[in-house]
Amino acid sequence: QLRIVESGGGLVQPGGSLTLSCAASGSLDYYIVAWFRQAPGKEREGISCINNNDDSVNSGDSVKGRFTISWDNAANTVYLQLDNLEPEDTADYYCAALHWPGYRGCGFIPGYYARAAWGRGTQVTVSS
């Protein structure tokens with residue numbers, strides 16, 4: 001089973017930036033990797049995903065134009081660049097890697113990620 005470790009979270013002021021990393025224990029070839037977040041008292045929200053089968057990306061409406069997902073195949077790592085952060089972005093951020101050879105595109109349908117490898121999360125706090 002692939003192991004996933006997230007890092008890069010922390011405390012940042014509104015308008016600031018962070019780079020989150022999702023490091024895998026092995027190759028991410030033929031994987032879909034997605035970032036989710038969950039704030040206290042709220043449901044888990046899919047925010048960004050990338051598909052290694054076709055290099056497609058997708059983002060949730062709440063983060064479009066502010067968060068950017070990217071891939072470093074050599075390092076088996078997916079990054080999430082968080083820019084122009086808002087207090088509403090405060091949450092625990094999780095990475096999920098789903099092995100799905102041949103699948104095209106990506107999204108955040110919860111059932112798809114039930115069999116994914118998940119990390120334990122990294123906390124992001126946006127506050128002045």
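Visitor: Which residue in strand 5 is the bridge partner of A34?
Guide: The model is a predicted one. Strand 4 (residues 31-38) and strand 5 run antiparallel and are joined by six bridges. Within strand 5, the bridge partner of A34 is C49.

Visitor: Which residue in the turn between strand 4 and strand 5 has a positive phi?
Guide: The two strands form a hairpin, with six residues between them. The positive phi, about 80°, belongs to G41.

Visitor: What is the bridge partner of I50 in strand 6?
Guide: Strand 5 also pairs with strand 6 (residues 57-59), in the antiparallel sense and over three bridges. These two form a hairpin with five residues between them, and D55 in the turn has a positive phi of about 60°. The partner of I50 in strand 6 is V57.

Visitor: How many of the residues of strand 5 are buried?
Guide: Strand 5 covers residues 45-51, and N51 is in it. N51 has a relative accessibility of 0%, so it counts as buried. Strand 5 is mostly covered, and of its seven residues the number buried is six.

Visitor: Which residues does N51 touch, leaving out those up to four places away in sequence?
Guide: Buried here means under 20% relative accessible area, and N51 is at 0%. Its contacts, with residues up to four places away not counted, are Y31, I32, S56, Y103, R104, G105 and C106.

Visitor: What is the strand order in the open sheet of four strands?
Guide: Strand 1 and strand 3 (residues 18-24) pair antiparallel over four bridges. Strand 3 and strand 8 (residues 77-82) pair in the antiparallel sense over six bridges, and six bridges join strand 7 to strand 8, again antiparallel. The order is 1-3-8-7.

Visitor: Which residue stands opposite A23 in strand 8?
Guide: A23 is in strand 3, where it is the bridge partner of V5. Strand 3 also pairs with strand 8. In strand 8, the residue opposite A23 is T77.

Visitor: Which residues make up the uncovered face of strand 1?
Guide: Strand 1 takes in residues 4-7, and its covered face holds I4 and E6. The uncovered face is V5 and S7.

Visitor: In the hairpin of strand 7 and strand 8, which residue takes a positive phi?
Guide: Strand 7 and strand 8 are antiparallel, and I69 stands opposite L80 in strand 8. Their hairpin has four residues between the strands. The positive phi, near 50°, is that of N76.

Visitor: How many aromatic pairs are there, and why is the pair of W100 and Y112 edge-to-face?
Guide: A search of the whole structure finds six aromatic pairs. The ring centres of W100 and Y112 are 5.2 Å apart and the planes stand at 75°. Planes over 60 degrees apart count as edge-to-face, so this pair, at 75°, is edge-to-face.

Visitor: How many residues apart in sequence are the parts that this pair ties together?
Guide: W100 and Y112 both lie in the loop between strand 9 (91-99) and strand 10 (117-118). W100 is partly exposed at 25% relative accessible area, and Y112 is partly exposed at 31%. The parts tied together are apart in sequence by twelve residues.

Visitor: Which residue has its charged end over the ring of F36?
Guide: F36 is linked by ring pairs with F108, Y113 and W118 in a cluster. Elsewhere, R115 lies over the face of W100, at 5.2 Å from the ring centre. Over F36, at 5.3 Å from the ring centre, sits the charged end of R44.

Visitor: What is the radius of gyration of the protein?
Guide: The protein has zero helices and eleven strands. The globule rule gives 14 Å for 128 residues, and the protein comes close to that, so it is as compact as a globular protein of that length. Its radius of gyration is 14 Å.

Key: Residues are numbered from 1 along each chain as its sequence is written. This is a predicted model: local features need pLDDT of at least 70, side-chain atom pairs count only at pLDDT 80 or more; totals for chains, interfaces and linings use all residues. Side-chain values use heavy atoms; hydrogens and water are left out. Buried means under 20% relative accessible area, exposed over 50%, partly exposed in between (1.4 Å probe, protein chains only). Two strands pair if DSSP finds at least two bridges between them. Rings of Phe, Tyr and Trp (its six-membered ring) pair if their centres lie within 6.5 Å; planes under 30 degrees apart count as stacked, over 60 as edge-to-face and the rest as tilted. A charge sits over a ring if NZ of Lys or CZ of Arg is within 6 Å of the ring centre and within 35 degrees of the ring normal. The radius of gyration is taken over C-alpha atoms; the globule rule is 2.2 Å times the number of residues to the power 0.38. Contact means heavy atoms within 4.5 Å.
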